[in-house]
Amino acid sequence: MNQSWQGTLEKIDDYRWKIPLSYKPGMRVPGLIFANEKLLPGIFSDKAIEQVANVAFLPGIVKYSLAMPDIHWGYGFSIGGVAATDPKNGGVISPGGVGYDINCGVRLMRSELTLEDIKPNLSALIASLFNNIPCGVGSSGDIKVSDKEEQEIFVKGARWAVKKGYGIDEDLEYTEDNGSMEGADPSYVSERAYERGRNQSGTLGSGNHFLEVQVVDTIYDEFVANIFGIFKGQITVMIHSGSRGLGYQICDDYVKSMVHCLKKYNISVPDKQLACAPIDSQEGKAYFSAMKCAANYAWANRQCLMYLTRRVFEKVFKKSWDSLGLRLVYDVAHNIAKKETHKVNGEEKVLYVHRKGATRAFSPGHPELPERYRKIGQPVIIPGDMGRASYLLVGTEQAMEETFGSTCHGAGRNLSRAAAIDKCRGRNISKELLDKSGIIVMAKGKSTLAEEAPEAYKDVDIVVDVVHNAGISKKIARMTPLGVIKG
Amino acid sequence: MKPYEIIEHTADVGLKVYSPSLKELFENAARGMFEIIAGKYYGEKIDIQKSIHIKKEVDAFEELLVDWLSELLYIFNKEKILFRDFNVLELNYNGLSGIASGRSIDFRYANLRTEIKAVTFHNLKIEENEKGFSCGIIFDV
């Protein structure tokens, strides 16, 4: 099914490529892809560019259908896509523009530990994390919640977790939207979605979700890194997870209902997976409200995962998490739709920004940033693959002007899961990682390691260089993995 | 004619399903989906203990196919039944009635391969030619 894209991209500069309006009748805006010459052949090899053009059909889309350098073929929207729609101009909201794993995202914890401190305990630490953090297909957790509490999680998100003692107020300050979107209404969540979300709080999930113990190996900007509390040789922990079964079911429910909206509101899109409804319609409002429930659930989930992580560190190092300095640098969502104010041609507009596999990257001075980061910009957390590196970046003014304050979200897949399994046949990936790089990897699923092998991903260094050089975020620090647990 | 093949899609997994009849197309799609979930030879390891009757109403076959597969996925996740056999009894513009059979499993020990989050509508089209029916389905995993 490897079909390559046959159209022509117009080169704007070394990092920007345009899909002209003339490519396909029905496009309302051009497409804009952030990439360099190295990444383009991979992007051309499947239908991701076609999907960027298809998103440009959405009613009310503003300026561009955007794609980040980690773009790859999704369904409906490509992964790595950003689209902003204007409710005053017939703008729509599309569940496919958020994705199934609503508020899939990443949080980065820092510590006062260094590589030297952790070395003697590393294998015990990773084993203990693996044993204490529920993960794997359909895993359910130790953090049990009642039905009434479930509703509270939908409405309050990470605030619920902190109230329960699974964190402190400071954690909320350093979470996008303070870990809770306003306006979440549980009455828009189906019984099925409730069921799928039940018992999954504080669980990592499977596939590309992970918890990683890392060491900071490079600092690109001492000043900003210092404000983020990051230094070379420091131990950090990265958690990548989302809204689990709840988000999948909400997306599923609303894609189905919005397939009918296409006819009802006379909307023409080239792919049913782009099903959408006007933002101000009853269906649009219902989806946005349900989506917020899943987003809040995901923030509560990552907060619970951080709590479990802190407990494991306390047990292994026999010190309180506070004295180990296990604090939150930031938590970002990378599958979400947000109501935000942006300047379009000099005019302030309220827009609905869809980020599907893209990260918010607000500039210095933005009022939504915590006090401590307000002068330097929002931390952007970019997970790479389990063999190479991850990055901490910062948002820029350029991102506000050009990408509705958005940047990339990860390395992006290079190989399909089947191709990765084929390539890794007969190999012992965890042994390879251990022998070659000293990285301890533990996974529940039999094929997870092959599917998630480093070569299944694009080189995150190249992806991050593109957003850095294009100016839509700036490199602050690079972290390399020491130990990884996966579902 | 192969009943189905698992196809590559960079971030997701898909099926290409073939069959002489529309009913079998639905049955084969379900078999393919559970092979993605549980691995190639999962059917050999399970005996049938439970059967579930599924009824769905919808006005287009593509949507009905997504509904049928989503329903099986939902029951699999909720009731923890790994399905092996599928029998579509009735399928027409009024809807679908079918039976899925399998056995209860414990997710912790079942060694499942892939968590399918959802069945998508992406490029979904049931096509008919002289040999029968075919359809591509993309799952979000």
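Residues are numbered from 1 along each chain as its sequence is written, while chains are lettered from A and ligands numbered from 1 in the order in which they are written. Because the model is predicted, local features need pLDDT of at least 70 and side-chain atom pairs count only at pLDDT 80 or more, whereas totals for chains, interfaces and linings use all residues; side-chain values use heavy atoms, with hydrogens and water left out.

**View 1. Helix α4 meets helix α11 in chain A.** The axes of α4 (residues 122-132) and α11 (residues 282-317) of chain A come within 10 Å and cross at roughly 140° (helices are DSSP runs of H or I, at least four residues, numbered from the N terminus; axes are lines fitted to C-alpha atoms over the stretch in contact, with angles from 0 to 180 degrees between N-to-C directions). That makes α4(A) oblique to α11(A) (under 35 degrees is roughly parallel, over 145 roughly antiparallel, 65 to 115 roughly perpendicular, the rest oblique). Residues in contact (heavy atoms within 4.5 Å) include Leu125(A) and Leu129(A) of α4(A) and Val312(A) and Phe313(A) of α11(A). By class, this contact has eight nonpolar, three polar and one charged residues (Ala, Val, Leu, Ile, Met, Phe, Trp, Tyr, Cys and Pro count as nonpolar, Asp, Glu, Lys and Arg as charged, the others, Gly among them, as polar).

**View 2. Helix α5 meets α11 in chain A.** Here the axes of α5 (residues 147-156) and α11(A) come within 6 Å and cross at roughly 100°, which makes α5(A) roughly perpendicular to α11(A). Among the residues in contact are Ile153(A) and Phe154(A) of α5(A), with Asn296(A) and Tyr297(A) of α11(A). The contact of α5(A) with α11(A) has six nonpolar, one polar and three charged residues.

**View 3. Helices α1 and α3 pack in chain B.** α1(B) and α3 (residues 61-79) of chain B pack at about 40°, their axes 11 Å apart, and that makes α1(B) oblique to α3(B). Residues that meet include Phe26(B), Met33(B) and Phe34(B) in α1(B) and Leu65(B), Trp68(B) and Leu72(B) in α3(B). By class, there are 15 nonpolar, no polar and one charged residues in the contact of α1(B) with α3(B).

**View 4. The largest pocket has a lining with residues from chains A and B.** About 1100 Å³ of space lies in the largest pocket (on a 1 Å grid over the protein atoms alone, a pocket is an open set of points where a 1.4 Å probe fits, with protein on both sides within 12 Å along at least five of seven lines; lining residues have an atom within 4 Å of a point). Of its 39 lining residues, the closest to the centre are Ile421(A), Ser447(A), Gly39(B), Lys40(B) and Arg113(B). The lining divides into 19 nonpolar, eight polar and 12 charged residues.

Definitions and conventions:
Helices (H or I, at least four residues) and strands (E, at least two) are DSSP runs, numbered from the N terminus. Grid points are joined across faces, edges and corners, and a volume is the space filled by probe spheres set on the points.
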